[in-house]
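Student: I am new to this structure and would be grateful for a close look at a single part of it, together with its surroundings.

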Amino acid sequence: MALDNADYDKPAIDGSLKTIEAVKGDDAKVVVAFVVANNAHRLEWKLRKVGGAWKISDLLSVTGEWALSQYQCE
């Protein structure tokens, strides 16, 4: 999920990775974009500061149109 179901190709990801970060109080958003095998991927990581540490509150795939919050996790 962290790679939007793309094959792990470290050189391709490292060579194309772009990030944008925005922090507002105890909430943050990081948008990442990368290309693997000529397919563009874009993910949005939502974070929340809890007890002084950043925790992932959701992970969304812009290209794959899914969100981690859609799944029932225990």
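Tutor: A nonpolar core is a set of buried Ala, Val, Leu, Ile, Met, Phe, Trp, Tyr and Cys residues joined through side-chain atoms within 4.5 Å; buried means under 20% relative accessible area, exposed over 50%, and partly exposed in between (1.4 Å probe, protein chains only). This is a predicted model, in which local features need pLDDT of at least 70 and side-chain atom pairs count only at pLDDT 80 or more, whereas totals for chains, interfaces and linings use all residues. Residues are numbered from 1 along each chain as its sequence is written, and side-chain values use heavy atoms, with hydrogens and water left out.

The largest nonpolar core has 11 residues, among them Val30, Val32, Phe34 and Val36. Strands β2 (27-36) and β3 (39-50) each supply at least two residues of this core, and β2 gives the most, with five. Helices (H or I, at least four residues) and strands (E, at least two) are DSSP runs, numbered from the N terminus.

Contact means heavy atoms within 4.5 Å. Leaving aside residues up to four places away in sequence, valine 36 touches Ala6, Asp7, Asp9, Ile13 and His41. With the same exclusion, serine 16 touches Ala33, Phe34 and Val35. Serine 16 belongs to helix α1 (residues 10-16) and is buried, at a relative accessible area of 18%.

The loop between β2 and β3 contains alanine 37 and asparagine 38. Alanine 37 has a positive phi near 55 degrees, and asparagine 38 has one of about 65 degrees. Most residues other than glycine have a negative phi. Alanine 37 is exposed, with 60% relative accessible area, and asparagine 38 is exposed at 77%.
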